[in-house]
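Reader: I have a structure to read and I am new to this. Please show me how to start.

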Amino acid sequence: ERKAVVLFRKSAEKRFAPSQINLGIMYSQGSGVEQDLIEAFLWLNIAGRAVAEEGGDLALDEEGRDLLGVVEEQMTAGQITEALRRSSVWMKTNQIL
């Protein structure tokens with residue numbers, strides 16, 4: 001599972017939405033990494049923006065939004081604020097707006 005996290009992260013950082021979603025799932029479940037809802041939200045949020053911006057697969061976009069909602073329900077308002085802040089920084093740095 002740790003190898004999968006490394007591979008997903010590499011392709012997620014290259015703006016590959018399916019890997020961003022998979023990385024979000026792994027963080028939300030603590031699969032191969034320590035569970036981190038902020039990091040899960042970050043990657044799922046980025047995936048949704050990337051798919052929408054690039055006119056990608058609508059089913060993939062819907063899956064990401066559904067998963068994002070599940071993660072968000074488990075988070076505090078402070079965690080959501082921090083996840084949105086980190087997402088915004090990542091998207092600006094990687095020119096996804």
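Author: Begin with a definition. A helix here is a DSSP run of at least four residues, numbered from the N terminus. Keep in mind that this model is predicted.

Reader: How many helices and strands does the protein chain have?

Author: Five helices and zero strands. From the N terminus, the order is α-α-α-α-α.

Reader: How do I read a salt bridge?

Author: Look for a side-chain nitrogen of Lys or Arg within 4 Å of a carboxyl oxygen of Asp or Glu. This structure holds five salt bridges. Take Arg85 and Glu82: their closest N and O atoms are 2.7 Å apart.

Reader: Where do Arg85 and Glu82 lie?

Author: Both sit in helix α5, residues 77-93. They are three residues apart, about one turn of the helix.

Reader: Which parts of the chain does the pair of Arg9 and Glu39 link?

Author: First the bridge itself: the closest N and O atoms of Arg9 and Glu39 are 3.5 Å apart. The pair links distant parts of the chain, with Arg9 in helix α1 (residues 2-12) and Glu39 in helix α3 (residues 37-53). They are 30 residues apart.

Reader: Is Glu39 buried or exposed?

Author: The cut-off for buried is under 20% relative accessible area. Glu39 has 14%, so it is buried. Arg9 has 24%, so Arg9 is partly exposed.

Reader: What else does Arg9 bridge to?

Author: Arg9 also pairs with Glu13, at 3.7 Å between the closest N and O atoms. Now join the pieces. Arg9, Glu13, Glu39, Glu82, Arg85 and Arg86 are linked in a network of salt bridges.

Note on methods:
Residues are numbered from 1 along each chain as its sequence is written. This is a predicted model: local features need pLDDT of at least 70, side-chain atom pairs count only at pLDDT 80 or more; totals for chains, interfaces and linings use all residues. Side-chain values use heavy atoms; hydrogens and water are left out. Helices (H or I, at least four residues) and strands (E, at least two) are DSSP runs, numbered from the N terminus. Buried means under 20% relative accessible area, exposed over 50%, partly exposed in between (1.4 Å probe, protein chains only).
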